[in-house]
Amino acid sequence: MLNLLVTNATLPDGRTGMSIAVEGGRIAEVTQGLVASADETLDAQGLLVAPHFVDPHFHMDATLSYGLPRVNQSGTLLEGIALWGELKPLLTAEALIERALAYCDWAVAKGLLAVRSHVDTSDPSLLAVDALLEVKRQVAPYLNLQLVAFPQDGVLRSPGGVENLKRALDKGVDVVGGIPHFERTMADGAASVKLLMELAAERGKLVDMHCDESDDPLSRHIETLAFEAQRLGMQGRVTGSHCTSMHSMDNYYVSKLLPLIAESGVGVVSNPLINITLQGRHDTYPKRRGMTRVPELMAAGVNVAFGHDCVMDPWYGMGSGDMLEVAHMGLHVAQMTSQAGIRQCFEAVTTNAARVMHLEGYGLEAGCDASFVLLQARDPVEAIRLRATRLKVFRKGRLLAETPAATAALHLPRRAQATSWMIQKP
Ligand code: FE2
């Protein structure tokens, strides 16, 4: 006997009338028009059922701290980092845990069930590391939280940077991070990449570095990251986050760089909401968009995902844990407005992001975890256009969240009835 049978679902790949049979928390079968008895049956009514959303780049130690101790006046990355430095001595584990748990609630309601969060390891007390390890433990029954040891103040630039990062890994942080563009010199940036990659290789860890988050066309740490991934045989295990300098790089150089990134198996995470907000701040007009070259990277065969990066923190005062909002901004900034481009942006916050995090059991196939979302949309394009309501969110076959369908009652002279934002398919 099945635990759950979802019928009449549309899948992201376009298949319609699909049934998803769930047994023991896993998908037993995905097939058209299955008739079987189950403890519970859900008629999807032709709406989209997608694997849950994945955020491959976030900062949960800073989230929901907007305005503490003050607001970022210039709106720049550097004032954000300075502001975070002012906030750090005021942090308490209790408040940090409370904010992070509140954010995880928001995430679950939006069908976001896996988050890779960087956690600042610069403070020798490792208060944020301990707090987020506790959050990871508490949310484990409903959200997969993966932590990256992130030396916000520079692993070489800050005293004890290397030791603090190693101690964070010893405590159970999953992934090695870095911030080469924030080291004092280009040479130190490259040295930090080499050092951190060797550390990760030695410990068998994945890597995810903030890489070239600037408008400086000569910030080329992604090149070193890709070279080291190849040298150390870490293909498929390394991610460069942001890579915004690539936006401003010389085109000839990029034509040489893209194949190197592809061959090295390095993935790229772009953070559209934050990149469009923080980059180009030193420009007058024209102002650069500052987002990395997403369609070109995808065309070269690089796994590209979109991250949220920030929600209500020293860098960004907006956001709600909605990865469809991230995809929506991504497709605008990257001008990926074709039907195929929009679908790629949906994949950037689902399957591609899951690949970045090395999530096991992800997807809508037999054998995968029954962790999926019923959306108030007919397909991925409509889902992004409407930032569609997550009608139901399931994890391992268990219903975690429900949101009523969005509708509006009209009071017009012509008629008085509810309207739908969905386009009726021919
Ligand atoms: Fe970040």
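Modeller: Helices (H or I, at least four residues) and strands (E, at least two) are DSSP runs, numbered from the N terminus. The model is predicted, so local features need pLDDT of at least 70 and side-chain atom pairs count only at pLDDT 80 or more, while totals for chains, interfaces and linings use all residues. Residues are numbered from 1 along each chain as its sequence is written, and side-chain values use heavy atoms, with hydrogens and water left out.

Biologist: Where is proline 286?

Modeller: Tyrosine 285 and proline 286 are joined by a cis peptide bond, whose omega is near 0°. Proline 286 belongs to the loop between α9 (272-278) and α10 (294-299).

Biologist: What is the phi of glutamine 45?

Modeller: Glutamine 45 is in the loop between β4 (38-43) and β5 (49-51). Its phi is positive although the residue is not glycine, with a value near 55°.

Biologist: What arrangement do the donor atoms form around the iron ion?

Modeller: Donors are N, O and S atoms within 2.8 Å of the metal (3.2 Å for Na, K and Ca); water is not among the atoms, so sites may look incomplete. The iron ion is coordinated at 2.2 to 2.5 Å by His57 (NE2), His59 (NE2), His210 (NE2) and Asp309 (OD). Four donors count as tetrahedral if all angles lie between 85 and 135 degrees; four count as square planar and six as octahedral if opposite donors are over 155 degrees apart and all others between 65 and 115; anything else is irregular. The four donor atoms here subtend angles of 84 to 175°, so the arrangement is irregular.

Biologist: What spacing do the donors of the iron ion follow along the chain?

Modeller: The donor residues are His57, His59, His210 and Asp309. Along the chain they give the pattern H-x1-H-x150-H-x98-D.

Biologist: How are α2 and α3 oriented to each other?

Modeller: Axes are lines fitted to C-alpha atoms, for helices over the stretch in contact, and angles run from 0 to 180 degrees between N-to-C directions. The axes of α2 (residues 93-109) and α3 (residues 127-139) come within 9 Å and cross at roughly 40°. Angles under 35 degrees count as roughly parallel, over 145 as roughly antiparallel, 65 to 115 as roughly perpendicular and the rest as oblique. Therefore α2 is, relative to α3, oblique.

Biologist: What is the handedness of the crossing of α11 and α12?

Modeller: Helix α11 (residues 323-333) packs against helix α12 (residues 339-348) at an angle of about 140°, and their axes are 9 Å apart. A crossing is left-handed if the near helix is turned anticlockwise from the far one by less than a right angle, and right-handed if clockwise. The crossing of α11 and α12 is right-handed.

Biologist: Which residues of α12 make the contact with α11?

Modeller: Contact means heavy atoms within 4.5 Å. On α11 the contact is made by Leu324, Ala327, Gly330 and Leu331, and on α12 by Ile342, Cys345 and Phe346.
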